[in-house]
Amino acid sequence: MSRDPNARRANPPLDFDGLRPPSPHICAAHLAWRDQVRGFVDTHVAPQIAAWDAAGTFPDELYVTAAREGILGLGFPEAVGGHLPEADPWYRILAAEELHRLGSGVVFADLATHWIALPPVVSLGSAALQEEVVRPVLAGRKRIAFAVTEPAGGSDASAMTSRAERRGNDWVVNGGKTLISGALRADYLLTAVRTASTDAGAGGISLLLVDATAPGVTRRPVPGLGWYSASNGAIEFQDVLVPAGRLIGIENRGFASLVPQFNIERLSSVAATLAMSRVCLAEAIAWCRERHTFGQRLIDHQAVRHRLVDLVRLTRSAYAWLDQCVWRIQRGEMPVADIAMLKVHATRTLERTARDAMHLLGGAAWTGASRIERAYREARIFALGGGTEEILDDLAARQLRF
């Protein structure tokens, strides 16, 4: 990518950078940030990614390194250890892209969980919680997870059944969560619970900051997810005492604090999936240029070229949509319907691109030596996290007032 974001590139190289269409909204400061994150990835992640991907985890020291590089603190107030507090959405989008450039989400899944779990604590928590929780998390010494999804409710957050009852100076929490990113290594759990005496739907939900090691908290890995993130887990709460001061925001009105976090998660998912689509597409193009079949390069076959063009078309259209969404956010809008629809479009783009790239590489793709194989394994989880296609389509329909 040119250092001048507005430079004309009629025929960019068809590599990871060249497959990202130029954006009028990305400036030199954004590119400098991208280069900073890329340096972190190349130095501290790339040499170990194969081992970390196989293990589904990485050493705790990486949190401290990421904090030192300004990645953990991105967008948070400097007063509590943040970095670039005025950063616009492009900074996180570019960071998510770079952290998925290796074709694996194992680092991002845990390293960036605080992007959605910490903001309510920053904006609504007491001064004491800023020092006890926020500052250590942004320094990489502590970790926080966002505990919303439940076994029965799945993507329907308003259907949660985990409850908290007020008893004196404490809340008593009972219930369970599942598929929680970073659950097994978290020190704190920002937990959505039902606090209304009757089922009030989304209106009866509150946010509690639960100590992950408190008596009555049980955490266990979710079988089958070791390939993605070994710290993804299920949580059970049995008569867990949470001090009243750990209520984040207003009682029974916590769902309103969840909505912005869902949109952050979905934009991060869009950035991740489109970056991994570029990974697959770049490797597939490079392979098709080198591989010879029936006396000519694979890419010289018309059917192959048409398949690749179709993938480029899908990816570029998604980036144009992303540009529009971020532009609207910077204008003060929150295009919920478009973000929901774009998340579905982007995850479908990744699934299609990963499948076709695997197909073009044939047996070579299954050796594990290609980034495509990693992306292919992880493609489906992106279609589930942050809301399934059905949930997001229904959300978009309501927003569009069908």
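Helix 11 and helix 12 pass each other in a left-handed crossing (left-handed: the near helix is turned anticlockwise from the far one by less than a right angle; clockwise would be right-handed). Keep in mind that this is a predicted model, where local features need pLDDT of at least 70 and side-chain atom pairs 80 or more, while totals for chains, interfaces and linings use all residues. Numbering starts from 1 along each chain as its sequence is written, and side-chain values use heavy atoms, without hydrogens or water.

**Helix 11 against helix 12**

- Helix 11 covers residues 336–361, and its axis comes within 9 Å of the helix 12 axis, with the two crossing at roughly 155° (axes are lines fitted to C-alpha atoms over the stretch in contact; angles run from 0 to 180 degrees between N-to-C directions).
- The two helices are therefore roughly antiparallel to each other (over 145 degrees; under 35 is roughly parallel, 65 to 115 roughly perpendicular, the rest oblique).
- On the helix 11 side, the contact is made by Lys343, Thr347, Leu350, Glu351, Ala354, Arg355, Ala357, Met358 and Leu361 (contact: heavy atoms within 4.5 Å).
- Helix 12 brings Ile372, Glu373, Tyr376, Ala379, Arg380, Phe382, Ala383 and Leu384 to that contact.
- Glu373 is buried, at a relative accessible area of 15% (buried: under 20%; exposed: over 50%; partly exposed: in between; 1.4 Å probe, protein chains only).
- From the C-alpha of Glu373 to the C-alpha of Glu165, 208 residues away along the chain, the separation is 47 Å.

**Helix 9 against helix 10**

- Helix 9 (residues 255–290) and helix 10 (residues 302–330) pack at about 155°, and their axes are 11 Å apart.
- That angle makes helix 9 roughly antiparallel to helix 10, and the crossing of this pair is left-handed.
- From helix 9, the contact residues include Leu267, Val270, Leu274, Ala275 and Arg278.
- Helix 10 answers with residues including Val304, Leu308, Leu311, Tyr319 and Ile329.
- Arg278, one of the helix 9 contact residues, also lies over the face of Phe16, at 3.8 Å from the ring centre (over a ring: Lys NZ or Arg CZ within 6 Å of the centre and within 35 degrees of the ring normal).

**Aromatic rings**

- A search of the whole structure turns up seven aromatic pairs (Phe, Tyr or six-membered Trp rings with centres within 6.5 Å; stacked under 30 degrees, edge-to-face over 60, tilted otherwise).
- Trp52 and Phe58 make a tilted pair, 6.1 Å centre to centre with 50° between the planes.
- Phe58 also pairs with Tyr63, again tilted, at 5.4 Å centre to centre and 45° between the planes.
- Trp52 is buried, Phe58 is buried with a relative accessible area of 4%, and Tyr63 is buried at 4%.
- Arg143 lies over the face of Tyr63, 4.6 Å from the ring centre.

**Positive phi without glycine**

- Asp239 has a positive phi near 50° though it's not a glycine.
- You'll find Asp239 in strand 7 (residues 233–243), and at 45% relative accessibility Asp239 is partly exposed.
- Arg401, another non-glycine residue, has a positive phi of about 60°.
- Arg401 lies in the segment after helix 13 (389–399), and with 75% relative accessibility Arg401 counts as exposed.

How values were computed: Helix = DSSP H or I, 4+ residues; strand = E, 2+ residues; numbered from the N terminus.
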